[in-house]
Amino acid sequence: RAMGKIMKGLAMAGVWGCLVDLPRIHTQVLSVAAQQLGCVMAAQRERRGNFLFTDGQNISLAAGCAVVMTMQPWHGSVHAALPEN
């Protein structure tokens, strides 16, 4: 739920966000986050002013929003496998 709020906030505000060391998050949560980010990215590609988020809420899309994700390789023993999506 929290990741969805972050994605919606970034999309509505048109700001950049950095999600640090994502593989530390459980695979199921990463999969949901990937679906949410894909939803935002599809709306950006289509240059839409608003779009339906994965939870069914209609969200306004401000141009310029972006998400940067990092993975830190030196923590190899704690990284989970990345989901297919």
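Me: Which residues of H2 are buried?

Reply: The buried residues of H2 are Leu30, Ala33, Gln36, Leu37, Cys39, Val40 and Ala43. Buried means under 20% relative accessible area, exposed over 50%, and partly exposed in between, with a 1.4 Å probe and protein chains only. The model is a predicted one, in which local features need pLDDT of at least 70 and side-chain atom pairs count only at pLDDT 80 or more, while totals for chains, interfaces and linings use all residues. Residues are numbered from 1 along each chain as its sequence is written, and side-chain values use heavy atoms, leaving out hydrogens and water.

Me: What covers the buried residues of H2?

Reply: The cover includes H1, strand E2 (50-52) and strand E4 (66-69). Helices (H or I, at least four residues) and strands (E, at least two) are DSSP runs, numbered from the N terminus.

Me: Why is glutamine 36 called buried?

Reply: Glutamine 36 has a relative accessible area of 8%, so it is buried. Beyond residues up to four places away in sequence, glutamine 36 touches Met3, Gly4, Met7, Phe53 and Thr54; contact means heavy atoms within 4.5 Å.

Me: What makes up the largest nonpolar core?

Reply: A nonpolar core is a set of buried Ala, Val, Leu, Ile, Met, Phe, Trp, Tyr and Cys residues joined through side-chain atoms within 4.5 Å. The largest one has 16 residues, and those with the most contacts inside it are Met7, Ala11, Val40, Phe51, Phe53 and Leu61. Helix H1 (2-13) and helix H2 (27-45) are the elements that give two or more residues to this core, and H2 gives the most, with 6 residues.

Me: Why is leucine 22 called buried?

Reply: Its relative accessible area is 9%, and therefore leucine 22 is buried. Leucine 22 lies in the loop between strand E1 (16-19) and H2. Leaving aside neighbours within four places in sequence, leucine 22 is in contact with Leu30, Met69 and Thr70. The C-alpha atoms of leucine 22 and methionine 69 are separated by 6.8 Å, although these residues are 47 residues apart along the chain.

Me: What makes aspartate 55 and lysine 8 a salt bridge?

Reply: A salt bridge is a side-chain nitrogen of Lys or Arg within 4 Å of a carboxyl oxygen of Asp or Glu. The side chains of aspartate 55 and lysine 8 meet at 2.7 Å, N to O, in a salt bridge. This pair links distant parts of the chain, with aspartate 55 in the loop between E2 and strand E3 (58-60) and lysine 8 in helix H1, 47 residues apart. Aspartate 55, at 48%, is partly exposed, whereas lysine 8, at 13% relative accessibility, counts as buried.

Me: How many salt bridges are found in the whole structure?

Reply: The search finds 2. Arginine 48 and glutamate 46 also meet in a salt bridge, at 3.6 Å, N to O. Arginine 48 has a relative accessible area of 41% and is therefore partly exposed; glutamate 46, at 52%, counts as exposed.
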